[in-house]
Amino acid sequence: MGKRKKASKPQGPRRKEPLATVFTCLFCNHERSVGVKLDKKAGVGQLDCKVCGQKFQCGINYLSAAVDVYSEWVDAADAVAHNGEGDPERELGAGRLSVGRPGASKGKADVYDDDDDRGYDGEGVVADDDDYD
């Protein structure tokens, strides 16, 4: 006769590592010099470097974490680098990249202002002008 197999003991829950709140600065390349503070009641995330004094601020929501503010900063710095040496406050609106043409406000008329008619002009499509009996 065979022995009964032992039931393995249940493992305890794994300890989750907290997300980072200090990061490497993009401008001075010092590790662990950028601190992020989240004010969820005000909906603002603030980031500042202890070494070079670089600061950034963006809007957050209740799901945002410190890494989200840091990634917004990386995206904003990359967008400013690709757009030229401009004023970052002009290209960014409340921490978000502006969409559309620079200097143009987006009103209700601009939302649907496209050059195409959004129609299908495929082969074999005939206008419905004929009367069918």
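**Figure 1. Surroundings of Val36 in the predicted model.** Apart from neighbours within four places in sequence, Val36 is in contact (heavy atoms within 4.5 Å) with Thr21, Phe23, Gln46, Leu47, Ala66 and Val69. Residues are numbered from 1 along each chain as its sequence is written, and side-chain values use heavy atoms, with hydrogens and water left out. In this predicted model local features need pLDDT of at least 70 and side-chain atom pairs count only at pLDDT 80 or more, while totals for chains, interfaces and linings use all residues.

**Figure 2. The largest nonpolar core.** A nonpolar core is a set of buried Ala, Val, Leu, Ile, Met, Phe, Trp, Tyr and Cys residues joined through side-chain atoms within 4.5 Å. Buried means under 20% relative accessible area, exposed over 50%, and partly exposed in between (1.4 Å probe, protein chains only). The largest such core has 14 residues, and those with the most contacts inside it are Phe23, Val34, Val36, Leu47, Phe56, Val69 and Trp73. Strand S2 (34–39), S3, S4 and helix H1 (66–83) are the elements that give two or more residues to this core. H1 gives the most, with five residues. Helices (H or I, at least four residues) and strands (E, at least two) are DSSP runs, numbered from the N terminus.

**Figure 3. Helix H1 and the residue after it.** The buried residues of H1 are Ala66, Val69, Tyr70, Glu72, Trp73, Ala76, Ala79 and Val80. The expected span of a helix is 1.5 Å times one less than its number of residues. For the 18 residues of H1 this gives 26 Å, in agreement with its end C-alpha atoms, which are 26 Å apart. Gly84 follows H1 and has a positive phi, near 110 degrees.

**Figure 4. The hairpin of S3 and S4.** Strands S3 (residues 44–49) and S4 run antiparallel and are joined by five bridges; two strands pair if DSSP finds at least two bridges between them. Gln46 has Gln57 of S4 as its bridge partner. Five residues lie between the two strands, and Gly53 in the turn has a positive phi of about 80 degrees. S4 (residues 55–59) has Phe56 and Cys58 on its covered face, with Lys55, Gln57 and Gly59 on the uncovered one.

**Figure 5. Cysteine pairs without a disulfide.** A disulfide is a pair of cysteine sulfur atoms within 2.5 Å, and by this rule the count is zero. Cys28 is in no disulfide; its nearest cysteine sulfur is that of Cys25, 3.6 Å away. Cys28 counts as partly exposed because its relative accessibility is 22%. Cys49 is likewise in no disulfide, and the nearest cysteine sulfur, that of Cys52, is 3.6 Å away. Cys49 is buried, with a relative accessible area of 5%.

Figure 6. Asn29 counts as exposed, at 57% relative accessibility. Arg32 is exposed, with a relative accessible area of 62%.
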